[in-house]
Amino acid sequence: MAGLKLKHIYKVYQGGVRAVNDFDLEFKDKSFVVLVGPSGCGKSTTLRMIAGLESITSGQLYIDNVLVNDVESKNRDIAMVFQSYALYPHMSVYQNMGFSLKIQHEKSDVIKEKVLKAAEILEISDLLDRKPKELSGGQRQRVALGRAIVREPNVFLLDEPLSNLDAKLRVQMRTEITKLHDKLQTTFVYVTHDQTEAMTMGDMIVVMNKGFIQQADAPVTLFEDPANLFVATFLGSPQMNILECQLVQEKNKIGAVLCGVKDNIVWFKDETAKQIINSKIALDKTYLFGVRPDHISLDEKGIKATVEAVEQLGDETITYVKIEGFPKNVVIKTPLMNKVKVKDEVFINISNERVYLFDKESEHSLIGMPSYNKIPCMVSGKQIKVGSKNVIDLDDEYISHLLNSAFDVDRMLAIKPEYIEFEKTEANVELKVKPVFTDERTNYNIVYASIEGVDPYLVFRAAKDRDIALNKEMSVYLPLDHILINDENDDSHYSREVVYPNVAEAHVSKKDKLTTIAIKGGEKLVYENLDVEEGDYQFVLKQDKAEVIFNRKTAKGIEDALKHAKKGEFLSVSCYDEEPQHKMNTIFAKIKGFDEYVTLTTKNNFSVYKMPKFKIKVPVDALELTKIG
Ligand code: ADP
Ligand code: MG
């Protein structure tokens with residue numbers, strides 16, 4: 001039994017393919033975690049890193065709280081089941097299942113006991129003497145599972161184990177694997193590209209796309225509150241309908257005008273309207289409106305539509321209709337047979353209980369539960385100020401994780417709704433809020449609370465049995481570990497796992513107009529007309545002011561810059577790691593004369609994995625010199 005902790009894990013393959021980016025999640029002990037996403041999104045790579053079959057480029061992997069980045073695969077106490085069963089054709093089922101124990105020189109009576117027990121769990125006791133070629137696909141897959149079970153691993157890793165089976169067997173084996181998980185009571189990490197498989201099997205589903213986690217949560221939560229357009233359209237069948245819309249406001253009501261047709265309007269429910277008004281999003285922009293096929297009904301009144309196709313599936317009906325202004329069909333799923341025919345004029349009624357709104361550019365969800373709360377704040381000294389009333393005291397540990405650029409500028413405090421707590425602990429900080437309204441979900445209620453002096457609500461989850469008094473001040477607690485300091489516009493983080501202060505010692509000397517800053521044990525920087533007197537200094541290189549000069553393909557930029565630059569404005573850098581965050585990249589590097597690594601930030605789309613050695617230009621405002629003695 002073991003839980004897994006994956007902390008900011010990246011995988012960059014040789015040649016520069018970024019297969020996995022910032023995979024940062026905890027898998028609870030005994031949980032059934034499903035990694036799902038389209039082909040090439042990094043599922044297998046993640047699983048192979050957990051297995052130890054692939055190296056981790058950066059980040060930390062803990063199994064049962066032990067750091068295992070450098071632990072060999074065979075010592076990780078995991079077992080892996082692949083899509084191809086890879087059974088030994090010349091061995092019997094019994095020999096196949098016992099093989100891994102045999103090569104570990106396990107005693108034959110122990111092997112026998114374990115194989116018989118596994119065979120019983122998998123109901124293949126009567127097949128033990130057969131050879132693989134005498135088995136059906138489903139039976140072979142069971143043997144492959146059996147081979148993993150006999151090793152009694154702490155963690156089971158399964159990579160699309162059912163892909164080779166036909167549809168009917170796949171459904172059957174799905175249930176078998178879920179039952180197996182219940183029986184074995186160990187952690188399962190299961191990879192699939194099939195959303196139905198994911199939704200039916202996992203306690204936690206991790207939706208991935210293009211190497212990034214899109215969202216990770218319980219299946220029902222992903223379905224009810226998708227964080228973005230990708231998750232919304234990836235899960236659910238038929239897919240969620242997505243239509244362009246503009247927003248209109250009438251007093252306290254907000255409506256979505258679909259596809260530019262005035263009469264095709266859906267009024268949001270009051271809570272959603274409040275949230276939209278409160279978040280001050282522009283009304284006149286084009287947004288994406290989402291509604292699942294089962295939240296639309298055919299009705300006497302509503303939006304006018306023409307039936308284009310009807311699929312009767314027995315217990316439910318899929319109807320495809322055309323509405324004005326929308327080039328595609330709107331898909332409707334109704335639980336019973338309906339009587340409409342192709343070409344009928346009908347009205348569709350969109351239930352506003354479960355509708356979605358996405359930003360067209362970022363594709364983030366704008367209503368319901370946000371993936372992050374983003375609350376305006378300012379970090380000054382050792383405090384975060386939020387609105388007019390809340391001041392959060394920070395400890396040195398937290399401060400040491402902040403980039404220089406986090407301080408004394410309008411920033412956003414970002415925290416996921418699911419991390420907000422109700423009890424004070426040593427690891428969290430208090431925030432006073434006033435709940436304004438709540439919204440029900442299957443697993444919890446969502447609470448929308450105001451914070452004095454700032455506009456956006458703080459959104460958090462409350463267990464169904466927790467009483468939340470509206471319009472009364474209450475305290476919630478934010479774990480420091482999960483508070484990010486962000487940019488207002490993009491999602492650049494100013495708080496990182498590791499941040500170095502970039503301190504070295506330097507000696508300043510002067511000759512004519514030139515000032516030379518000689519970094520102790522490092523290179524020299526030379527400036528004209530610098531207003532600093534001679535002597536010994538503490539030298540701080542500001543993280544966000546050094547310019548990384550590069551040209552991705554040819555590194556030509558460096559040569560050009562070097563040619564035209566004045567001598568002595570550059571430092572040589574060798575990089576070991578980076579943490580890309582949208583428009584900002586935080587890089588970690590060695591510069592001669594600095595004891596520790598150096599943290600630098602760059603706005604550029606620059607990857608140190610392609611160019612680990614380069615130069616930085618150090619303009620005057622990147623220097624902070626404090627005289628020693
Ligand atoms: P998935 O299992 O989700 O289909 P993978 O983890 O296999 O995705 O692959 C993620 C990305 O990494 C893909 O772009 C793939 O082409 C690339 N990739 C996988 N293995 C290697 C490798 N050994 N070398 C280089 N690139 C690889
Ligand atoms: Mg794969």
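Conventions first. The model is predicted, so local features need pLDDT of at least 70 and side-chain atom pairs pLDDT 80 or more, while totals for chains, interfaces and linings use all residues. Residues are numbered from 1 along each chain as its sequence is written, chains are lettered from A and ligands numbered from 1 in the order written, and side-chain values use heavy atoms, with hydrogens and water left out.

Now the overall picture. The C-alpha trace spans about 90 × 75 × 50 Å along its principal axes. The chain carries 11 helices and 39 strands. Those are DSSP runs numbered from the N terminus: helices are H or I, at least four residues, and strands are E, at least two. Of the 629 residues, 50% are buried. Buried means under 20% relative accessible area, exposed over 50%, and partly exposed in between, with a 1.4 Å probe and protein chains only. Areas are Shrake-Rupley, 1.4 Å probe; for residues, only the protein chains shown count as cover. Contact means heavy atoms within 4.5 Å. Take contacts between residues at least 6 apart in sequence: 66% of them join residues at least 24 apart.

Next, the ligand. Which residues surround ligand 1? The shell is Y13, V17, A19, P38, S39, G40, C41, G42, K43, S44 and T45. The cut-off is a heavy atom within 4 Å. By class, that gives 5 nonpolar, 5 polar and 1 charged. Ala, Val, Leu, Ile, Met, Phe, Trp, Tyr, Cys and Pro count as nonpolar; Asp, Glu, Lys and Arg as charged; the others, Gly among them, as polar. Helix 1, residues 43-51, gives the most to this shell, with 3 residues.

A polar side-chain atom of T45 sits at 2.5 Å. For K43, a side-chain N or O atom is at 2.9 Å. For G42, a backbone N or O atom is at 3.0 Å. On its own, ligand 1 has 560 Å² of accessible area, and the protein covers 59% of it.

On to helix 4, residues 137-149. Its 13 residues reach 18 Å from first C-alpha to last, close to the 18 Å expected at 1.5 Å a residue. The expected span is 1.5 Å times one less than the number of residues. Is helix 4 largely enclosed or left open? Because 10 of its 13 residues are buried, helix 4 is largely enclosed by the rest of the structure. The cover includes strand 6 (78-81), helix 2 (93-103), helix 3 (108-121), strand 7 (155-159) and helix 5 (167-184).

Last, two single residues. T319 lies in strand 17, residues 317-323. T319 counts as buried because its relative accessibility is 0%. Beyond four places in sequence, T319 touches L298, V307, A309, V310, V330, V331, I332, N338 and V340.

S495 is in the loop between strand 29 (484-486) and strand 30 (503-511). At 6% relative accessibility, S495 counts as buried. Which residues does S495 contact, leaving aside neighbours within four places? They are Y398, H401, L402, I483, L484 and I485. A polar side-chain atom of S495 lies 2.8 Å from the backbone nitrogen of I485. A406 is 89 residues from S495 in sequence, yet 7.4 Å away in space, C-alpha to C-alpha.

Notes. A polar contact is a pair of N or O atoms within 3.5 Å; within protein, one must be able to donate a hydrogen and the other to accept it, and residues adjacent in sequence count only if both atoms are side-chain atoms.
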